[in-house]
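User: I'm new to this one, could you walk me through it?
Analyst: Gladly, please bring it up and ask away.

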Amino acid sequence: MLALKNVEVVYSDVILVLRGISLEVPDGKIVALLGANGAGKSTTLRAISGLLDVHRGDLTKGQITLDEHRIDHLPPAKVVKLGIGQALEGRRILAELTVEENLRLGAHTARKTLDVNLARVYELFPQLKERPRFTAGYLSGGQQQMLAIGRALMSSPRFLLLDEPSLGLAPLLVQQIRDIIVEINRQGTGVLLVEQNATMALSIAHHGYIMETGKIVMDKPARELLDDEDVREFYLGLSSEGSKSFAEVKHYRRKKRWLS
Amino acid sequence: MTQFLQALVNGVSLASIYALIALGFVIIYKSMQVLNFAQPALLLLGGYWVLYFATVWGWAFPLAIVVGALFAAATGVIVERTTLRPMVGKPVFAVAILTIGLNTVISVIALDLMGVEIRQMGDPWGFGFVEFGGLNIAHRQIAAIVAVAVLVGLLLAFFKYSRLGLAMRATAFDQEVALTQGVSVSTVFALSWAIAAVLAMFGGVFLGSGVGFERSAAVTALKALPVVVVGGLDSIAGAIVGALLVAVSETLAATYQPEYAPFLGKGFSQLVPYVVMLLVLLFKPYGLFGTKEIERV
């Protein structure tokens, strides 16, 4: 079980980004973390994987534990070794390197299981298997995302942190990525899925958290979230009365600026 | 014609030495975006270790090289740990100035150890040479060219096939991604300094072999700077091409300038690397192979 308790994160010593959030990712489950831009989703992932330093961030309160052992303030390499893999937002593949080199890099901490993991990733992503020596930067967006996920799997993680895997992908590819996440989870990996595409995330997640400005504002099983009035309206763009006119939600007063 | 070919051969052998120093520079720049002006000092100190083991302790030369390389690598790692680690994340300028300071400190230590006189390297090549179609090619020149070819080959294979080499390339490309894959970036930094220091040591060895090793070696080492600027700060191929371009133009100038352009004065060839650098910069500000920095202002 991966757990965060009352985690508070401050950037550049002044900007409070996470205001005491707590969440849990049980083994072998998919947990979705939803929220608008700037809610602190990516920061949450950085806090787990130890990347706050890179962004001048600091974990000031609370703790992060993996099976009751604290992992906050560990260097990122240690966190990976303990079994937490991450695919960063925006794919971030190493464009100049080949597909296989990207994957080999993912196995940096798991040299002995390189061949097993490589076979597993190639089985999950047959499209990557066709072109191991292809320069990664020339892959299509969907394939790059697959490579990023595959690379994170190369360290045989117990928990996989995915940051916006559907970002910038066509609906059909989003479907494909979705199925792959389900398959990875079925093979026993816990997934913490950060998404803006709430429909996709909640359709596969077991549990969901909703973040707003650095706080968890809702925490329910995914099925219940899907049925929740507010979630339906604000995150899924649906409501019981069908689509509303925005004129009713916000109305702007007209002003005759040129005279006053 | 013979004269021209001779200049070319001398140029290539000089290029191999420049390339060694420039490669160290490029490797450090690529992995941590630090302009390392301490390369000349690392060359002096590295050369001194080998010289000391080979002549004072009378070890066999290959053994002196191996132990010297270990010492050089240790020097690189210690320098990185003690002085550059605290500077991570600081402005590039501050770090560059720091390495200039490092250069002074290490040079003073090395020069104090070496003394003022020219010291023999204890190398097996001496002044022997082979004659080949009217050309005189010194044994040490051949040794330098062969050694550099082998070293560069090893280095490229290391980057291509080894786990740590791959980690170094990944760190150079995107540090955050390297971190998420479990690469210890501090190991990569230390390793790049160790490699740079060892390459500088080999530069010192070949500069000093035959003719002897002395403080002016640092001046020659400084020409690695025009070399990397010509080749592009972050390109390994650039370092090698830049070294060839700079060194060959330098030896050609040394051969022909006194005859055809005596008004430029004596020792003009010493200036040539900087003239080449100026010309390249005028037309290609990022060097021949350097990555253009795209930045929104």
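User: In which sense do strand β9 and β10 of chain A pair, and over how many bridges?
Analyst: In this predicted model, where local features need pLDDT of at least 70, side-chain atom pairs count only at pLDDT 80 or more, and totals for chains, interfaces and linings use all residues, β9 (residues 207-212) and β10 of chain A pair in the antiparallel sense over 6 bridges. Residues are numbered from 1 along each chain as written, with chains lettered from A and ligands numbered from 1 in written order. Strands (E, at least two residues) and helices (H or I, at least four) are DSSP runs, numbered from the N terminus, and two strands pair if DSSP finds at least two bridges between them.

User: What stands opposite A:Tyr209 there?
Analyst: That is A:Asp219, in β10(A).

User: And what is the strand order in the sheet?
Analyst: The 6 strands of this open, mixed sheet run β6-β7-β8-β3-β9-β10 in chain A, and the edge strands, each pairing on one side only, are β6 (84-87) and β10 (215-221).

User: Switching topic, which residues touch the most other members of the largest nonpolar core?
Analyst: Among its 169 residues they are A:Leu193, B:Tyr18, B:Ala22 and B:Ala243; such a core is a set of buried Ala, Val, Leu, Ile, Met, Phe, Trp, Tyr and Cys residues joined through C-beta atoms within 7 Å, where buried means that 20 or more other C-beta atoms, placed from the backbone, lie within 10 Å of a residue's own.

User: Which helix gives the most to this core?
Analyst: Helix α8 (residues 185-208) of chain B does, with 18 residues.

Terms used. A residue is buried if 20 or more other C-beta atoms lie within 10 Å of its own, exposed if 12 or fewer, and partly exposed in between; C-beta atoms are placed from the backbone.
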